[in-house]
Amino acid sequence: MTIFNYFRTLRPQQKTAAVAKERLQIIVAHERRLRNSPTLEYLPQLQQEILEVVRKYVIIQNEHIKVHIEKEGQYEILELNITLPDTEKGQINIQKSSSDVT
Amino acid sequence: MGKIIVVTSGKGGVGKTTTSAAFATGLALRGHQTVVIDFDVGLRNLDLVMGCERRVVYDFVNVINGEGNLNQALIKDKRVENLFILPASQTRDKEALTVKGVARVLEALKKRFEYIICDSPAGIEHGAIIAMYFSDEALIVTNPEVSSVRDSDRIIGMLSSKTRRAVQNLTPVKEHLLITRYIQKRVNSGDMLSIQDVQEILAIPLLGVIPESPSVLKASNAGIPITLDKKSDAGLAYLDVIASFLGEEPPPREKKGFLTRFFGN
Ligand SMILES: Nc1ncnc2c1ncn2[C@@H]1O[C@H](COP(=O)(O)OP(=O)(O)O)[C@@H](O)[C@H]1O
Ligand SMILES: [Mg+2]
């Protein structure tokens with residue numbers, strides 16, 4: 001690769017303004033959704049607590065649980081998606097952990 | 001009855017005070033009775049930009065607290081007829097502006113002036129909320145830059161939820177996007193958001209565009225609102241903005257100026 005080519009590839013295909021626009025569109029849309037539905041403010045906390053409960057039984061990562069709210073007319077629908085690991089290893093011995101209590 | 005117009009942005013340093021001074025001066029030049037109020041209590045600067053800092057005796061907070069009356073606090077501009085300034089207090093904090101107190105002062109001003117321009121402090125707290133609370137229209141000052149655009153969007157959200165018009169379910173505050181510190185060259189080279197980009201993201205009507213210009217700093221150094229500088233490209237752009245705000249076609253001189261200013265010679 002010649003020096004000339006090297007600099008050509010260094011110059012990004014996408015200009016910084018285009019990157020800025022894309023990032024802004026995403027964050028602004030996200031913040032507007034939060035704003036327009038005040039109930040959504042509790043969402044991160046709810047997600048965290050559900051995660052903790054599920055983790056008592058199954059090993060899952062943060063990204064395996066998705067909480068989603070959709071508006072349908074007057075109602076808001078809370079959609080909860082938990083992806084369980086497909087191996088048996090994901091199971092925690094419930095007997096054992098509950099015996100700690102006694 | 002006068003119209004209350006807030007000049008707001010969320011982010012600091014984007015040109016709210018410059019715009020408030022330029023816009024108020026421009027409206028007064030067109031023969032409209034205009035007052036410009038500094039809501040940036042504790043950090044007043046409008047008086048400096050307007051060049052009347054040594055004439056401040058009583059301020060906005062004094063009037064609210066009944067320590068001086070409105071006539072004593074209003075400073076009449078020496079260059080432009082019909083133009084008055086109500087300075088902010090330098091020594092109090094923003095909490096000194098109570099909803100009741102501000103309402104009383106604005107009611108009195110509405111009887112006497114056609115346009116009441118409110119120069120908002122930065123931020124999204126009490127100071128910014130009280131500045132926008134009673135507004136009929138809003139100039140959302142935005143620089144073509146990520147943090148300014150995001151903050152403007154938050155301010156737009158507040159205009160539709162935290163203002164008197166929102167709370168009382170009246171006609172919403174009329175929003176105007178004003179893009180300032182715009183550099184066409186950098187837009188052409190792809191490292192500054194374009195007018196269309198900003199407008200597309202914020203999705204409110206565009207009132208105008210003010211170019212980045214060295215004349216703005218010079219004018220503020222001298223305490224002269226930029227609209228009084230007939231040679232300034234930014235000053236001319238503000239005059240165009242005022243013309244479209246008043247619902248007029250910008251004069252042909254301005255039109256050519258506008259094109260060369262933004263699209264190069
Ligand atoms: N169009 C412009 N071109 C160049 N400088 C500008 C322009 N508008 C504002 N400025 C400068 O930016 C700085 C911040 O402006 P100011 O009006 O005080 O912002 P804010 O009130 O939003 O904090 C000042 O130094 C001002 O001179
Ligand atoms: Mg300011």
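Strand β2 (residues 34-38) of chain B is mostly covered in this predicted model, with five of its five residues buried.

Strand β2(B) belongs to an open sheet of eight strands in chain B, ordered β3-β4-β2-β5-β1-β6-β7-β8 with mixed pairing. Because β3 (75-76) and β8 (206-211) of chain B stand at the edges, each with a single partner strand, one side of each is left without a neighbour in the sheet.

| Strand pair | Sense | Bridges | One bridge pair |
|---|---|---|---|
| β2(B) and β5(B) (residues 115-119) | parallel | five | V35(B) and I116(B) |
| β6(B) (residues 137-142) and β7(B) (residues 174-182) | parallel | six | L139(B) and H176(B) |

Helix α7 (residues 146-159) of chain B lies across β1 (3-8), β6 and β7 of chain B, and runs at about 165 degrees to β6(B). The same helix α7(B) also meets helix α10 (residues 195-202) of chain B, their axes coming within 10 Å and crossing at roughly 35 degrees, in a crossing that is right-handed. On the α7(B) side the contact is made by V149(B), S152(B), D153(B) and I156(B), which meet V198(B), I201(B) and L202(B) of α10(B); by class, the residues of this contact divide into five nonpolar, one polar and one charged.

Technical notes:
Residues numbered from 1 in each chain as written. Chains lettered and ligands numbered in written order. Predicted model: local features only at pLDDT ≥ 70, side-chain atom pairs only at ≥ 80, totals over all residues. Heavy atoms only, no water. Pairing = 2+ DSSP bridges. Helix = DSSP H or I, 4+ residues; strand = E, 2+ residues; numbered from the N terminus. Contact = heavy atoms within 4.5 Å. Axes fitted to C-alpha atoms, helices over the stretch in contact; angles between N-to-C directions. Left-handed = near helix turned anticlockwise from the far one by under 90°. Nonpolar A, V, L, I, M, F, W, Y, C, P; charged D, E, K, R; others polar. Buried < 20%, exposed > 50% of the residue type's maximum accessible area, 1.4 Å probe, protein only.
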